[in-house]
Amino acid sequence: MSWGTELWDQFDNLEKHTQWGIDVLEKYIKFVKERTEIEINYAKQLRNLSKKYQPKKNSKEEDEYKYSSCQAFLATLNEMNDYAGQHEVVSENMTSQITAELARYVQELKQERKMHFHDGRKAQQHIETCWKQLESSKRRFERDCKEADRAQQYFEKMDADINVTKADVEKARQQAQLRHQMAEESKAEYSSTLQRFNHEQHDHYHTHIPNIFQKIQEMEERRIIRIGESMKTFAEVDRQVIPIIGKCLDEITKAAESIDQKHDSKLVVEAFKSGFEPPGDVDFEDFTQPIKRTVSDSSLTNSKDGKPESRFSSKSKGKLWPFIKKNKLSLKLGGGPEDFSNLPPEQRRKKLQQKVDELNRDIQKEMDQRDALTKMKDVYIKNPQMGDAASVDLKLAELAQNLEKLRLEAQKFEGWLAEVEGRLPARTEPARRQSGMYEPQNTLTVNNCAQDRESSPDGSYTEEPSQESEVKVPAPEFDDEFDDEEPLPTIGTCKALYTFEGQNEGTISVSEGETLFVIEEDKGDGWTRIRRNEDEEGYVPTSYVEVFLEKNAKGAMTYI
């Protein structure tokens, strides 16, 4: 169906319709442009969200990402970054393939439309001009015919009047003939103009206007096709990124499925395991009987007032670490001594192992640099034109110094590590302390947690002293004097593993390597009562001595 034949008389409506079509196209361009802005903003927000929850470098958060659940979350954040990238791709492709292309096409469309309607107006003006010429020729013909008719009537009147001279009659006749001649000429001109107008009008409505309207119709149909193709492109741009977005979602799912709760639980154990053994049973203290010092006593009696009291002062009375008092161990980054002696044994071993591994990596890096510089020096020696071999010596000397420092540092930490590993019990070994019985041991081990932890009234960890530095263990206050009863019998001997300064009342100082007598074994409170001679006896931390019980005492068990 052709606009040229069906809409030959709808020039103005076609002009309005084509302008509306261009407006629709521009509206669609604006829609796509706003969609691209949404995609860009969404991608930016996704990236900011991912960045916001990324672990900060050199912070505590970075250590948390050793857990599988946190690793899965980190993978999700990374995939969200890629997900955001696909939305940026959508925005870029829509801008280049739709917005930019349609903007150029709209400009071309406006120019083409302007040209076609200019041709239509020109044809319209031409036919209107022809119509005016026809009307003018028609009016002139009509006027000449009326003039000729009046001249003829005037001539007949003059000819019938006997009083009119012949000259007047002749003059009237000639005038009538002239008017008739002019009427004939006007008729001929009118007939010619009419034929020409009809020809022009036929060409106008059957040739010119149909051709112009056909071009306008084709232009409008191209616009419709173009907007349809743009809509397909709109969908295709989204469809192209769906596989990649699907891969991102698949990776998130894969990361979620990789979460291993057992592995995370194991990491919690490795992160917080202290290496101490659980505390032993607390002995019953019978305050209804007169208090006598026996081997089984678990408390000291104040001989002055006769009131029984615990070995510990009131500050530490009734404390069962770590269930009541909060652990006050400082785990701040960069805090604590260099050998990590403020940490529990297992945590200290892990920290020392990490430090040794780090130093070994640094040593390997320095050695690789040294090897590379040595090869470079050899090349310079063989090919002096490539460089000066002496220029490498300074760097090699510096690397040698660095290596020596690192090796010394590594040896120091390896010594501490070996010391800690020598004290820690085997991980598969059952608790040595059961119902007050101990297995013979010649190796140095860490005593149960009650012994070490109760020895520090503030609830903090107290690590056994190393060979390099002595750690003083704050002891609870003891009674200032013992009962005046007869001395307790000796039940074994002990050897001091470390020096202990007995500064509190009821304690006794010992030197490393000193051999003393045991008169009262550890009852689970972390203290062993020993005697040097008849006048010197007191309590020392059980972890500071190696005890050898006599065969007739407690089944001849030896413990540390």
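Close-up 1. Glu 189 is partly exposed, with a relative accessible area of 37%, where partly exposed covers the range between buried (under 20% relative accessible area) and exposed (over 50%), computed with a 1.4 Å probe on protein chains only. In this predicted model, local features need pLDDT of at least 70 and side-chain atom pairs count only at pLDDT 80 or more, whereas totals for chains, interfaces and linings use all residues. Residues are numbered from 1 along each chain as its sequence is written, and side-chain values use heavy atoms, with hydrogens and water left out. The side chain of Glu 189 forms a salt bridge with that of Arg 140 at 2.3 Å, N to O, a salt bridge being a side-chain nitrogen of Lys or Arg within 4 Å of a carboxyl oxygen of Asp or Glu. Arg 140 is likewise partly exposed, at 24%.

**Close-up 2. The salt bridge between Lys 110 and Glu 26.** The side chains of these two residues meet at 2.8 Å, N to O. Lys 110 has a relative accessibility of 32% and counts as partly exposed, and Glu 26, with a relative accessible area of 31%, is partly exposed too.

**Close-up 3. A buried pair, Glu 220 and Arg 223.** Here the salt bridge spans 2.5 Å, N to O, between the two side chains, and both Glu 220 and Arg 223 are buried.

**Close-up 4. A network of salt bridges.** Glu 520, Arg 529, Arg 531 and Glu 537 are linked in this network; by the distance rule, the count of salt bridges comes to 24.
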